[in-house]
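Trainee: Before we start, please show me the model and take me through how its features are read.

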Amino acid sequence: MIALAMGLGLAQTPSPTPAPPPPATAPLNRNVIVLDAAHGGVDSGSRIGDSTLEKDVTLALAFRLRSLLTARGFTVVMTRENDAAQKPGPPVAGSSALTLDDRAGIANHAHAAACLLLHATGAGDGVHLYSSELDSAPAQAAVPPWLTAQAAWVTQSTQLEARIGAALQRAKLPLVSSRASVRPVDSLTCPAVVVELAPQNDDRNSITDGDYQQRIAEAIAGALVFWAQQVQPPPLLPGGHAAETAVQP
Amino acid sequence: MIYKHQRIVFWVMVGCIVLMATLLFFERQRGRERILSLANQMPLDAPAASTEPVTLDLANDDNGSIHAEQRQMALPVEVNARVRALLDQLIAEYALPGSAHPLQQGSAVSEVFLLPLPVGGYSVNSAAAQRDDGTVASSPVAADPPGTAPINPGGELAVIDLRSTFVNQHPSGVEVESLTLLSIVGTLHANIPQIEQVRFLVDGQPRETLAGHADLLRTYPSRDTATPNTGGGQ
């Protein structure tokens, strides 16, 4: 009996230990891109030249980018599609204008693979890229503080900035890459980069040139195709939304 | 017929008048001497104020950089007044003709408040909040945002209350606005070491951005913002 038992025991294969569950990560829709055309309505942004307003340039660039991204299979979420940024729903007197926090809310609900905040300036040359100045946080809390929610995504944002920067350089476009706290980038829970369009060769009129904007938009759209395949969302702290993981397209 | 007691009263009154006149004369003399002695103490030359070297982190719009420059300034002793004097000097530099970061002339800072850190005064012990199953017990109050504790004992938060006249006339743009804020933060870091964090108000109220771009709601850590010679930008 003992020998039989030992034989059975020896014959038994060790039960496989269950593989540890993958760490919970923040939700991410790889085929969604958020475009925030900055300013709008009474907020015209900076004045670029005699008759060019920043809000008009950012909206024009956003439309170009949306066309290119949609053609590449992305779902594009825009925070505004006309001059005045309005809250969804029936207009309410005095409170229907979209605030910067509203824009961040739209972007955060999309769980996008990239959030691009589009700005324009008459100073400098080429394209200026900025990512958040916040220090990177190791993991994302279930309810991160609103004003520092981007901290968990700073690593991804920096990588996205580098990828877009490389694409712009390949397109032989002048580039300035830096970090800055631009509202509402620190409240975004997605890889977020501020794209500031500046004139070409110090010619302020070039900022509204269609060919110039198209070159920039094509370089960015190309970079986002590769970015969407490689982006990894940050892990969540224990107790976070464990059921929400990366959403594959 | 004049009675004796009337004569006595008369001479007493005359004596009093003489006594009062004498007293008045001497008091006048003393007052005159006192005023003359005060006049002698009036300074005849301007006081020679002792200046000290200060470091201003000056922004340059042309290349988006910040570089440190030394200046000699007479600064007040009181810390709040020192901060105001430093920032007034910084903005005055930008208002000079030919400035690399031109800003409107005028006073930019309304008030400066220095608060000891941490302002909230509490923090959540994450180790104690960890349950056996790995989850974290939720706290009824929000945890302090990261980085609100002082790095060194005596660390302070500087709240800079800017004037709306300065903010409303500030040039709009990501770079130009960021350079102004970083220039202020860097100048405070270089000269007032106990300031570890900087926040901004406009006319006593929180405001989202400086001129549509740079974040005025966040707390800026005090740090050296001068662009290194070997890098920066691209």
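Mentor: Helices (H or I, at least four residues) and strands (E, at least two) are DSSP runs, numbered from the N terminus. Chain A, read along its sequence, gives α-β-β-β-α-β-α-β-β-α-β-β-α-β, which comes to five helices and nine strands. This is a predicted model: local features need pLDDT of at least 70, side-chain atom pairs count only at pLDDT 80 or more, and totals for chains, interfaces and linings use all residues. Residues are numbered from 1 along each chain as its sequence is written, while chains are lettered from A and ligands numbered from 1 in the order in which they are written.

Trainee: How many residues does each chain bring to the contact between chain A and chain B?

Mentor: Two residues are in contact if their C-beta atoms, placed from the backbone, lie within 7 Å. Chain A brings 29 residues and chain B 23.

Trainee: In which order do the strands of the open sheet in chain B run?

Mentor: Strands of a sheet pair through backbone hydrogen bonds, either parallel or antiparallel. Two strands count as paired if DSSP finds at least two bridges between them. The four strands in chain B have the order 3-4-5-6, with mixed pairing. Strand 3 (109-116) and strand 6 (220-221) of chain B each have a single partner strand, so one side of each is left without a neighbour in the sheet.

Trainee: In which sense do strand 5 and strand 6 of chain B pair?

Mentor: Strand 5 (residues 195-202) of chain B pairs with strand 6 of chain B in the antiparallel sense, over two bridges. B:Tyr220 in strand 6 is the bridge partner of B:Val198.
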